[in-house]
Amino acid sequence: GILTNYGEKAESFKNALCEYMHHDKVDLFVNGHSALMLAIKALDLRGEVITSPFTFVSTTNAIIQNGLTPVFGDIDDSYNLNADMIEDLITDKTCAIITPHIFGIPCDVEKIEQIAKKYQLKVIYDGAQAFGTKVQGQAIGTFGDISMFSFHAIKVFNSIEGGMLAYRKGEIQKKLE
């Protein structure tokens, strides 16, 4: 009730994160993997997910552990998922794009969001390496349906361990409670 489970310190940390990220909806988790697992569940995803092969194994594990099929796209010169190749991977089974921002370099969020809107796909960004990154002045966690962050000891911003989801829609919060 102090550091965890909506305790005073946890709530203070959560409020500071909301303020820093200019976001009103964030939830804290024990680690980034559990946050990603629950993000996928909260969006009720079924079918295939386009993702990057250049990521920590947790991204692919979370997809598979939720009963989804990963479809690997190629990466571009930034080591991020090549947004120009995503449409070629979309099938009638595709439900989402889940991809990391590698080395703090954001993927092409504008193009990915255009594709997602065109094909009615959900987007989850793995921001584990991109905490504090901005795109045209906008915090990286404000893109997509959900952004996941890891606070593991080797990340840019850490609390030794922990994770966070940032999202916009209230129904996601209800599913995470």
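The model is predicted: local features need pLDDT of at least 70, side-chain atom pairs count only at pLDDT 80 or more, and totals for chains, interfaces and linings use all residues. Residues are numbered from 1 along each chain as its sequence is written, and side-chain values use heavy atoms, with hydrogens and water left out. The protein chain holds six helices and nine strands. Helices (H or I, at least four residues) and strands (E, at least two) are DSSP runs, numbered from the N terminus.

**Overall build**

- The radius of gyration of the protein chain is 15 Å, which agrees with the value near 16 Å that a compact globule of 177 residues would have. This radius is taken over C-alpha atoms, and the globule rule is 2.2 Å times the number of residues to the power 0.38.
- Along the principal axes, the C-alpha atoms of the protein chain fill a box of roughly 50 × 30 × 25 Å.
- Of the 177 residues, 51% count as buried. Buried means under 20% relative accessible area, exposed means over 50%, and partly exposed lies in between (1.4 Å probe, protein chains only).
- The accessible surface of the protein chain is about 9,100 Å², and 52% of it belongs to carbon and sulfur atoms. Areas come from the Shrake-Rupley method with a 1.4 Å probe; for residues, only the protein chains shown count as cover.
- Among contacts with a separation of 6 or more, 58% join residues 24 or more positions apart. Contact means heavy atoms within 4.5 Å.

- Strand 2 spans residues 48-51 and is covered on both faces. E48 and I50 are buried on one side, V49 and T51 on the other.
- In a regular strand the side chains alternate between the two faces of the sheet.
- Strand 2 runs parallel to strand 3 (residues 69-72), joined by four bridges. Two strands pair if DSSP finds at least two bridges between them.
- E48 has T69 as its bridge partner in strand 3.
- From strand 2 the chain passes through helix 3 (residues 57-65) to strand 3, in a right-handed β-α-β crossover. Right-handed means that, with the strands pointing away from the viewer, the path from the first strand over the helix to the second runs clockwise.
- Strand 2 also pairs in the parallel sense with strand 4 (residues 94-100), over four bridges. Here T51 stands opposite I98.

**Helix 3**

- The buried residues in helix 3 are S58, T59, T60, A62 and I63.
- Their cover includes helix 2 (32-42), strand 2, strand 3, strand 4 and strand 5 (122-126).
- T60 lies in helix 3. T60 counts as buried because its relative accessibility is 15%.
- Not counting residues up to four places away in sequence, T60 touches P70 and F72.
- G67 follows helix 3 and has a positive phi, near 80°.

**Salt bridges**

- The count is four salt bridges. The rule asks for a side-chain nitrogen of Lys or Arg within 4 Å of a carboxyl oxygen of Asp or Glu.
- K14 pairs with D27, with the closest N and O atoms 3.4 Å apart. K14 is in helix 1 (residues 8-21) and D27 in strand 1 (residues 26-29), 13 residues apart. Both K14 and D27 are buried.
- K111 pairs with D84, with the closest N and O atoms 2.7 Å apart. K111 lies in helix 5 (residues 109-119) and D84 in the loop between strand 3 and helix 4 (86-89), so the pair ties together parts that are 27 residues apart in sequence.
- K111 is partly exposed at 26% relative accessibility, whereas D84 is exposed at 54%.
- K118 and E87 meet in a salt bridge at 3.1 Å, N to O. K118 is in helix 5 and E87 in helix 4, 31 residues apart.
- K118 is exposed at 58% relative accessibility, while E87 is partly exposed with a relative accessible area of 30%.

**M148**

- M148 sits in strand 8 (residues 146-150). M148 is buried, at 3% relative accessibility.
- Leaving aside neighbours within four places in sequence, M148 is in contact with G32, A35, L36, Y125, D126, G127, A128, M164 and L165.
- M148 and I86 are 62 residues apart along the chain, and their C-alpha atoms are separated by 21 Å.
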